[in-house]
Amino acid sequence: MTRHGAYDAVVAGGGPAGAVAALVLARAGRRVAIVDDPPVPGACAHKVGESLPSAAAPLLRDLDLWPGSTAAPHLRSTGMYVSWGSPELRERGPVQDPYGAGWQLDRLRFDAFLRDAAHVAGAEPLRGRVTDAVDDGPGLRLHVRHEHGTRELRCAWAVDATGRRAALARGRAVRRRQDRLVAAHLLMARRNGSAGHEPDREARTVVEAVPGGWWYTTLTPAGRIVAHLTDPDLADPRLRTPDGFLDAALRTRYVGARLTAGDLVRPSAPCWSTAHGLRLTPYGGRGWIAAGDAALAFDPLSSQGILTALHSGARAGIAVALCLAGAPRRPVLASYTDFLDGVAVAYVRHHAEAYATETRWPALPFWQRRGAVRPRDSQEARE
């Protein structure tokens, strides 16, 4: 095992929450490393969680990440069509959002932009995967697995931005899972058009409830994302093959119609991701703090995942910077907790209200399970 010198802070995870936390800490003059997972062989060539609400714009401006973070080739969202609670397709436009139109992102490009900004600010990039943390007197020792073995990092504070796996927080906090929602998804790459076909330009997201869950499709700079959300025990095994997935998508009324538009390249096998709501208790402790999905993860129906990751990453970075400057840990973490608790309470209420509006299949397992959800933490399952 190799060793690296001590850092003021190490950020585990290079997604939006981790990159922004590292950016804030570096700009505060702290020696910070950001440990980013290397590509996994055979992993998806795309990343879901592509919707960024326009409410993110003020924060991106405050962080001096505007307008580059959302510039072309990212696409402006022009609204959505929804078949939910009714067989009819209803339009919801950006005029209904007080901040206006948001964006449909190429997530890999967006995340890389944020990491580059953190690196320019002074955060040291390290490739690897943080596996655990050990208390080491006043700080922590982190174990990082990389392509040449493992290394050990010492730090006064660590930010867990490792997503739903919560590599650092898992043994230090309780994780409460909302349900067992999973997403099967694939990317249908766009062509610029060919003989007899127009290129796919429909940028409105389509969301369609079905008896066993729901589907959505949206256009991103990388191509068209198609996803099915359901519970693992309800998922048709045929969804694991390209032909089975596309056959199921084409049997939907509205998502399937969207897939016939333009000239779409046939995809590889669908990817699968956990998609359920998840909440950590507590969000931090002595020498560590969680941000992004490691702290609070959402059902994709909310379209709030990236926005919350950005805000929690920025606030986690500020919290750690304050503690490193000598501020008392407990009140700093209490303020951070109040912020995330407020977000969590609003999310649970809106989630329950959204699923309650779909009443066509109350006796079917997927909807029956969500029909019992009340906007209370008592409905969450401890992992």
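In the predicted model, T308, H311, S312, R315, A316, A319, L322 and C323 of helix α6 are in contact with R329, V332, Y336, F339, L340 and V343 of helix α7, contact being defined as heavy atoms within 4.5 Å. The residues of this contact divide into nine nonpolar, three polar and two charged; Ala, Val, Leu, Ile, Met, Phe, Trp, Tyr, Cys and Pro count as nonpolar, Asp, Glu, Lys and Arg as charged, and the others, Gly among them, as polar. Helix α6 covers residues 305–324 and helix α7 covers residues 329–356; the two pack at an angle of about 170°, with their axes 9 Å apart. Axes are lines fitted to C-alpha atoms, for helices over the stretch in contact, and angles run from 0 to 180 degrees between N-to-C directions. The two helices α6 and α7 are therefore roughly antiparallel to each other, since angles under 35 degrees count as roughly parallel, over 145 as roughly antiparallel, 65 to 115 as roughly perpendicular and the rest as oblique. Helices (H or I, at least four residues) and strands (E, at least two) are DSSP runs, numbered from the N terminus.

The model is predicted, so local features need pLDDT of at least 70 and side-chain atom pairs count only at pLDDT 80 or more, whereas totals for chains, interfaces and linings use all residues. Residues are numbered from 1 along each chain as its sequence is written, and side-chain values use heavy atoms, with hydrogens and water left out.

C323, one of the α6 residues that meet α7, is buried, with a relative accessible area of 12%. Buried means under 20% relative accessible area, exposed over 50% and partly exposed in between (1.4 Å probe, protein chains only). C155 is also buried, at 6% relative accessibility. Zero disulfides are found in a search of the whole structure, a disulfide being a pair of cysteine sulfur atoms within 2.5 Å.

Seven strands form an open sheet with mixed pairing, in the order β6-β5-β14-β15-β16-β13-β17. Two strands pair if DSSP finds at least two bridges between them. Strands β6 (90–92) and β17 (271–274) stand at the edges with a single partner strand each, so one side of each is left without a neighbour in the sheet. From one strand to the next, the twist averages 20°.

Within this sheet, strand β14 (residues 205–210) is joined to β15 by five bridges and runs antiparallel to it. V210 stands opposite G213 of β15, and a hairpin through two residues joins β14 to β15. Strand β15 (residues 213–220) is largely enclosed by the rest of the structure, because eight of its eight residues are buried. Seven bridges in the antiparallel sense pair β15 with β16, and L219 has R224 of β16 as its bridge partner. These two strands, β15 and β16, also form a hairpin, with two residues between them. Strand β16 (residues 223–230) pairs in turn with strand β13 (residues 182–188), in the antiparallel sense and over seven bridges; the bridge partner of A183 in β16 is L229.

A further open sheet consists of three strands in the order β3-β7-β4, with antiparallel pairing. Strands β3 (51–52) and β4 stand at its edges, each with a single partner strand, so one side of each is left without a neighbour in the sheet. Strand β7 (residues 103–104) is joined to β4 by two bridges, and the two run antiparallel. In this pair, L75 stands opposite Q104 of β7.

The loop between α2 (57–62) and β4 (75–76) holds T70, which is buried at a relative accessible area of 7%. With neighbours within four places in sequence left aside, T70 is in contact with L52, L60 and W103. P73 is located in the loop between α2 and β4 and is joined to A72 by a cis peptide bond, with omega about 20°. D64 is also found in the loop between α2 and β4. This residue, D64, has a positive phi near 60° although it is not glycine, and is exposed at 61% relative accessibility.

Another cis peptide bond joins T281 and P282, with omega about -5°; P282 lies in the loop between β18 (278–281) and β19 (284–285). A positive phi, near 45°, is found for A166, again a residue other than glycine. A166 is placed in the loop between β11 (149–160) and β12 (174–177), and at 0% relative accessibility A166 counts as buried.
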